[in-house]
Amino acid sequence: MFGVIGEDGLVPRARSWLPVACEAVLGLLTLVFVWLLDADRFMERAEMIAFSLTVAAFIHSMCLFAEEWFFHARQRYHGRINEILQACFKGDVILGMCAIVLMLMFGGVSFSREHWSTMAIMCAVYLLLNSLGVQGPTPVEISEICEVKKMNVAHGLAWSFYIGYLKLILPVLQNKINQYSSTGARLSSPRLHILLPLNAVVPSKPEEEDTNVVFHENLPELELDIAGVRNRSYKNSVYKITQNNKTFSCVLEYATPLRTLYQMSQESSACFGERERKQQVLLFYRTLSQILDNSLECRNRYRLLLLNDEHTGDPHQLSREIIQHLKQQDGEIHMDPIREPPNEAYPVPEEGQIGDFNGALFAAFPEGQMSSAPSLMFSLPQSLRSEPVETTDY
């Protein structure tokens, strides 16, 4: 069974600048310490090390350039040498090599044979460590690069889910609910509730997870001409959730892209294990939340429910969590038909609710106290800035 979990407890946040700050502070402290030990030769050694590392990085870039130029120039770069150079050489490495060439040409540096030998050894060690993968990026660095560059599977799935589905159905969801409500049916929430199991196991029917969640009917279909398909149909289903003889109803569905993540974890060729799948589900949730939060046409029309995959032994845990989530929205929307006495200023009823509005009024005021049905009264428009009042006696 599942339980709704909070974002702060499990969803990973974007990584901060802490590693960069620590490296910078430790590097500066080390330089100060070495300068205190031998201030006379500090600059000479610093120049040698900077020279060696810059040349070694340049040689590494040249090796990358050789691979791309000989084997991938036409397929990946269409023969454009400028694109190959941009892909293989970093700007700071090029600037460093230009500075070294200028210093050598104009006599800015002078090294002895021993110095040149030491720098050659440093370059060789750097290149050997690089070829063995010792200096390669760690899994954390790879993960950060993929997140910053939006290269994760979860990013693509989240954007596809938004562009290809949510962006189409959420803006018209309220109209579909209004058509559904015109038959006398009422929903406990006007939002689309999207379930995201952390283990990415998406059943065909929610009843398979909890028998208290029962399909009721579909909302009116949305038909659009998409990608050459005429009258492509988009459906949303209404489910009834029962607890303690009380029934709630809402529009409910699972996030279908999670099926892709689960199927990928079952394919050995995808190299996608259970740990990676869980991480991608969390990134999918975070990315989709950010996308929808920034979408004006989808805002406040959905709820994302991240479900924990820990088994609690409760066969009705899913329905309990959904109902608890619906009750949390009770402060934002009315879950029951409105039967409240009118305020001092009568609210303008929405279209299709005139009968409920009048019924609520007559229920609050018995016959005899009101001679006729209430009429809407509007005051003349007034300026927000108060008019000056004459207070002088002369």
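Modeller: One definition before we start on helix packing: an axis is a line fitted to C-alpha atoms, for helices over the stretch in contact, and angles run from 0 to 180 degrees between N-to-C directions. Also, this is a predicted model.

Colleague: Fine. At what angle do H3 and H5 pack?

Modeller: Helix H3 (residues 42-71) and helix H5 (residues 81-88) pack at an angle of about 140°, and their axes are 9 Å apart.

Colleague: Why is that pair called oblique?

Modeller: Roughly antiparallel needs an angle over 145 degrees, and roughly perpendicular covers 65 to 115.

Colleague: What is the handedness of the H3 and H5 crossing?

Modeller: The H3 and H5 crossing is right-handed.

Colleague: And which residues of H3 and H5 meet?

Modeller: From H3, the residues are Ser61, Leu64, Phe65, Glu68 and Trp69; from H5, they are Ile81, Ile84, Leu85 and Cys88. By class, this contact of H3 with H5 has seven nonpolar residues, one polar and one charged.

Colleague: How does H3 pack with H6, then, in angle and axis distance?

Modeller: H3 and helix H6 (residues 91-105) pack at about 125°, with axes 9 Å apart. That angle makes H3 oblique to H6. The crossing of H3 and H6 is left-handed.

Colleague: Which residues of H3 meet H6?

Modeller: Phe51, Thr54, Val55, Ala57 and Phe58 in H3 meet Val93, Gly96, Met97, Ile100 and Leu104 in H6. The classes in this contact of H3 with H6 are eight nonpolar, two polar and no charged.

Colleague: Phe58, Phe65 and Trp69 have come up already. What do they form with Phe89?

Modeller: Phe58, Phe65, Trp69 and Phe89 form one aromatic cluster. Of these, Phe65 and Trp69 are among the H3 residues that meet H5, while Phe58 is among the H3 residues that meet H6.

Colleague: New topic. How many aromatic pairs are there, with ring centres within 6.5 Å?

Modeller: The count comes to nine aromatic pairs. One of them is Phe161 with Phe284, where the ring centres are 6.3 Å apart and the planes are at 35°. Stacked would need planes under 30 degrees apart and edge-to-face over 60, so this pair is tilted.

Colleague: Is Phe161 buried or exposed, and what about Phe284?

Modeller: Phe161 counts as buried because its relative accessibility is 4%. Phe284 counts as buried too, at 0%. The cut-off for buried is under 20%.

Colleague: What sort of pair do Phe215 and Tyr239 form?

Modeller: Phe215 and Tyr239 are edge-to-face, at 5.7 Å centre to centre with 70° between the planes. Phe215 is in strand E3 (residues 213-218) and Tyr239 in strand E6 (residues 237-243), 24 residues apart. Phe215 has a relative accessible area of 37%, so Phe215 is partly exposed. Tyr239, at 9%, counts as buried.

Colleague: Back to H9. At what angle does H9 pack with H11?

Modeller: H9 and helix H11 (residues 257-266) pack at about 150°, with axes 10 Å apart. That makes H9 roughly antiparallel to H11, and their crossing is right-handed.

Colleague: Which residues make the contact of H9 and H11?

Modeller: Val153, Leu157 and Phe161 of H9, with Pro257, Thr260, Leu261 and Met264 of H11. The contact of H9 with H11 divides into six nonpolar, one polar and no charged residues. Phe161 is therefore in this contact as well as in the tilted pair with Phe284.

Colleague: Backbone next. Which loop holds Ala227?

Modeller: The loop between strand E4 (222-226) and strand E5 (229-234). Ala227 has a positive phi of about 50° although it is not a glycine. At 75% relative accessibility, Ala227 counts as exposed.

Colleague: What is the phi of Asn244?

Modeller: Asn244 has a positive phi of about 55°, and is not a glycine either. Asn244 lies in the loop between E6 and strand E7 (246-254), and is exposed at 67% relative accessible area.

Colleague: Last one. How many helices and strands does the protein have?

Modeller: The protein has 14 helices and eight strands. Of its 394 residues, 33% are buried.

Note on methods
Residues numbered from 1 in each chain as written. Predicted model: local features only at pLDDT ≥ 70, side-chain atom pairs only at ≥ 80, totals over all residues. Heavy atoms only, no water. Phe/Tyr/Trp six-rings, centres within 6.5 Å; stacked < 30°, edge-to-face > 60°. Buried < 20%, exposed > 50% of the residue type's maximum accessible area, 1.4 Å probe, protein only. Helix = DSSP H or I, 4+ residues; strand = E, 2+ residues; numbered from the N terminus. Left-handed = near helix turned anticlockwise from the far one by under 90°. Contact = heavy atoms within 4.5 Å. Nonpolar A, V, L, I, M, F, W, Y, C, P; charged D, E, K, R; others polar. Parallel < 35°, antiparallel > 145°, perpendicular 65-115°, else oblique.
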